[in-house]
Amino acid sequence: MAYAKPTGKKKLQADVAQQKVRVTQAQAKLNATVNGVPLDPKSAAYDIANKAFIAAVDEQTRLQGLVDNYKEPEKKLSAKEIEAQRQADIIAGKIPPVGGTLSGDPNIDQTKVVDDFDSLLKSAKTFLRKEISDEDRLILATQLANAGYDVPKIKAYNDALFSAYSSLIQGAKSKNKEFPDDIKTVNDFLAEQTNIALQIKAAGGGEDDRYKPFGQQEIYNRSTAEGVIDSIFTSLNLGREANKTEIDTLYKQLEAEQKKLSSMSKGTYKMVNGRRVLVQESGLDARTFLENKVKELPAYKESQAAKSEKSKISLASTALANGYNLETDFAMQLPGWLEAINSGKSIDDFKNIIRITARRILPEAVRNQIDPDEDLTTTFSTYMSNVAKARGIPVSSVNLNEVIGMATTDKGFADSQTFEKKKRSQLWWDKSPEGISVTTTVLNDTLKDFGLLGQGVRTV
């Protein structure tokens with residue numbers, strides 16, 4: 001069974017017991033004899049021993065006083081007990097509601113409640129999830145919705161409710177700074193927003209227009225659509241214009257898409273932190289929509305353009321696996337490569353060109369150990385995983401060239417010790433999860449070695 005260190009009064013009593021031992025030891029030194037002769041009261045040795053004895057007795061007296069006057073801390077109340085006490089105090093007029101503070105006015109001898117908005121924000125999620133009933137949560141959701149917030153009127157806790165409630169508190173906090181005499185609490189601000197929403201709704205005679213989406217939509221007629229479709233056929237190098245059947249199919253699909261509300265480029269006013277904020281959403285890009293649909297036609301799938309697109313995607317994947325961007329780093333060579341592939345040359349020839357180019361930065365001792373058709377992300381996968389774990393990021397976000405610098409030496413691949421040394425010299429390491437963990441462990445171990453940790457001292 002593990003030893004439990006004493007705390008509270010028991011710890012003080014243990015300290016008193018230890019001090020009594022120290023007093024006994026100090027007294028023994030004071031009464032010590034040399035060859036049967038006690039210390040001379042006028043000697044320096046006696047003076048030192050006497051002062052040590054007096055100090056030990058004083059410390060024992062101090063500790064005993066702490067034990068005698070010790071008061072047990074009040075028992076921590078449960079959430080239910082705290083709430084019951086709070087309600088009793090409210091009824092008795094002792095304290096304001098949760099989050100409130102009392103501010104007295106000496107001139108009229110009255111008190112008024114001012115919400116502690118920061119505390120309300122901090123406890124909002126716990127309040128909504130655990131501290132109110134389903135029925136009260138529904139009432140709150142309805143009140144927020146009536147005030148213009150986008151909240152479903154349901155009993156269950158949901159993110160929309162939390163977002164709206166937090167926004168309400170933030171709005172009340174902002175308004176309180178502007179109008180401290182008018183907006184003192186969240187309920188004051190909620191009442192104000194509800195009143196505004198009701199007046200606007202009454203004036204409009206229907207749904208609250210403040211939050212209706214608005215915007216515009218570019219509708220393509222058949223003539224415009226035909227021109228766009230023909231230009232797409234040309235840009236994709238299909239070698240001909242679209243025929244009537246293809247145009248009929250594509251235009252029918254476009255018409256159906258244009259009828260959807262989601263196709264409209266619109267703006268919507270929403271409540272954020274108590275303020276109306278314009279949120280803009282892009283709608284349908286008709287040309288992009290038609291281009292994607294053209295790529296689904298047999299005319300495209302059987303074309304050289306489709307074959308080139310497929311080859312391009314495959315080459316891009318190889319380039320990325322070796323630390324390159326195909327269209328940036330091989331922009332000059334790419335058109336010739338695609339033409340050669342369409343003429344029958346193997347795509348693997350060009351993938352190997354990318355791999356050979358990438359390996360030029362490697363020491364010869366490393367290059368000689370890599371298979372011809374192996375990508376560098378495969379070669380350095382173990383090192384990349386190590387760095388990703390250290391930084392707390394996905395492997396796909398790790399910079400390959402940075403890892404190569406850490407994982408290689410003139411003589412070949414770096415051993416684990418060399419790799420770790422290089423990794424810890426990187427600018428990002430100190431602030432990475434691994435760096436913070438290692439540093440904390442070293443500091444705590446050092447404090448323990450010097451006796452500064454382990455006696456009730458908090459760890460770093």
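Predicted model: local features only at pLDDT ≥ 70, side-chain atom pairs only at ≥ 80, totals over all residues.

Colleague: At what angle do the axes of H1 and H2 cross?

Modeller: Helix H1 covers residues 8-30 and helix H2 covers residues 44-68, and their axes come within 9 Å and cross at roughly 160°. Helices (H or I, at least four residues) and strands (E, at least two) are DSSP runs, numbered from the N terminus. Axes are lines fitted to C-alpha atoms, for helices over the stretch in contact, and angles run from 0 to 180 degrees between N-to-C directions.

Colleague: How are H1 and H2 oriented to each other, then?

Modeller: H1 and H2 are therefore roughly antiparallel, since angles under 35 degrees count as roughly parallel, over 145 as roughly antiparallel, 65 to 115 as roughly perpendicular and the rest as oblique. Their crossing is left-handed, a term for a near helix turned anticlockwise from the far one by less than a right angle, with clockwise giving right-handed.

Colleague: What about H19 and H21, are they parallel or oblique?

Modeller: The axes of H19 (residues 381-391) and H21 (residues 416-424) come within 12 Å and cross at roughly 40°, which makes H19 oblique to H21. The crossing of H19 with H21 is right-handed.

Colleague: Changing topic, how many aromatic pairs are there?

Modeller: The search of the whole structure finds seven aromatic pairs. Rings of Phe, Tyr and Trp (its six-membered ring) pair if their centres lie within 6.5 Å, and planes under 30 degrees apart count as stacked, over 60 as edge-to-face and the rest as tilted. One of the pairs is Phe-330 with Trp-337, whose ring centres are 5.5 Å apart and whose planes are at 40°, so this pair is tilted.

Colleague: And what does Trp-337 do with Phe-350?

Modeller: Trp-337 and Phe-350 form a tilted aromatic pair, with 5.6 Å centre to centre and 35° between the planes. Trp-337 lies in helix H15 (residues 334-342) and Phe-350 in helix H16 (residues 347-359), so the pair ties together parts that are 13 residues apart in sequence. Tyr-324, Phe-330, Trp-337 and Phe-350 form one aromatic cluster.

Colleague: Is Phe-350 buried or exposed?

Modeller: Phe-350 counts as buried at 6% relative accessibility, and Trp-337 counts as buried at 8%. Buried means under 20% relative accessible area, exposed over 50% and partly exposed in between (1.4 Å probe, protein chains only).

Colleague: Where is Ser-416, and is it buried or exposed?

Modeller: Ser-416 is in helix H21, and with a relative accessible area of 60% this residue is exposed. The C-alpha atoms of Ser-416 and Tyr-383 are separated by 9.5 Å, although these residues are 33 residues apart along the chain.

Colleague: And where does Ser-397 lie?

Modeller: Ser-397 lies in the loop between H19 and helix H20 (400-407), and Ser-397 is partly exposed, with a relative accessible area of 46%.

Definitions and conventions: Residues numbered from 1 in each chain as written. Heavy atoms only, no water.
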